[in-house]
Amino acid sequence: FNASDGRTTHRGVELAFTRDVAEGWQLGGNASYAIQRYDFDRPLSAGEAIARGNDIDTAPRWLADVRLVHANARIGRTEIEFAYQGAYFLDAGNQARYPGHVLANLRWSRVLSGPWSVSARLMNIGDRRYAERADIAFGEYRYFPGAGRSLYVGLAYQAE
């Protein structure tokens, strides 16, 4: 839906860090916490209503990831990542919630001879069922499913 002449408020904080933890090992991560709310009242179609102070639907308060990276010339760069998306409301009335999810991803890359490199990504290692986005529309729950376990392999040539 589109609500013209409405106001919203957004307050939050973001944090990013990277730290060398041992020779060839690095730990890093990002996190954001945001409170995003409606700042007006308005009835909507299908009996739903926006109320001042309600959280904006489909806006999670927490987003975060943490990564452990190992790099050396012989085996290349390997990274494991855990990505977190927090819970959020599915409707403007804040009656239904998506619980959020955690995904694990694995990435590897290595420079070959000359301008060639190879890479691989294994995304959603645990083959977790999750929603890229979820909401309620026309009185029905809608889930836009995220990809299951997926493997991507790449070969790159970089001209000098």
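1. A charge is taken to sit over a ring if NZ of Lys or CZ of Arg is within 6 Å of the ring centre and within 35 degrees of the ring normal. In this predicted model, the charged end of R97 is placed over the ring of F89, at 4.7 Å from its centre. A further case involves R121, whose charged end sits over the ring of Y152, 4.2 Å from the centre of that ring.

2. Aromatic pairs number five in this structure. One of them is formed by Y38 and F40: the ring centres are 5.9 Å apart and the planes stand at 90°, so the pair is classed as edge-to-face, the threshold for that class being over 60 degrees. Y38 counts as buried, at 7% relative accessibility, and F40 is likewise buried, with a relative accessible area of 9%.

3. The rings of Y141 and Y143 have planes at 5° and centres 6.4 Å apart, so this pair is stacked; planes under 30 degrees apart meet that description. Y141 is exposed, with a relative accessible area of 52%, whereas Y143 is partly exposed, at 45%. The cut-off for exposed is over 50%.

4. D135 belongs to strand β11, which spans residues 131–137. Its relative accessible area is 7%, so D135 is buried. Through its side chain, D135 makes a polar contact of 2.7 Å with the side chain of R133.

5. Which residues is D135 in contact with, leaving aside its neighbours within four places in sequence? They are T58, L90, E140, Y141, R142 and F144. Of these, Y141 is also a member of the stacked pair with Y143.

How values were computed. Residues numbered from 1 in each chain as written. Predicted model: local features only at pLDDT ≥ 70, side-chain atom pairs only at ≥ 80, totals over all residues. Heavy atoms only, no water. Phe/Tyr/Trp six-rings, centres within 6.5 Å; stacked < 30°, edge-to-face > 60°. Buried < 20%, exposed > 50% of the residue type's maximum accessible area, 1.4 Å probe, protein only. Helix = DSSP H or I, 4+ residues; strand = E, 2+ residues; numbered from the N terminus. Polar contact = N/O pair within 3.5 Å; in protein donor to acceptor, adjacent residues only side chain to side chain. Contact = heavy atoms within 4.5 Å.
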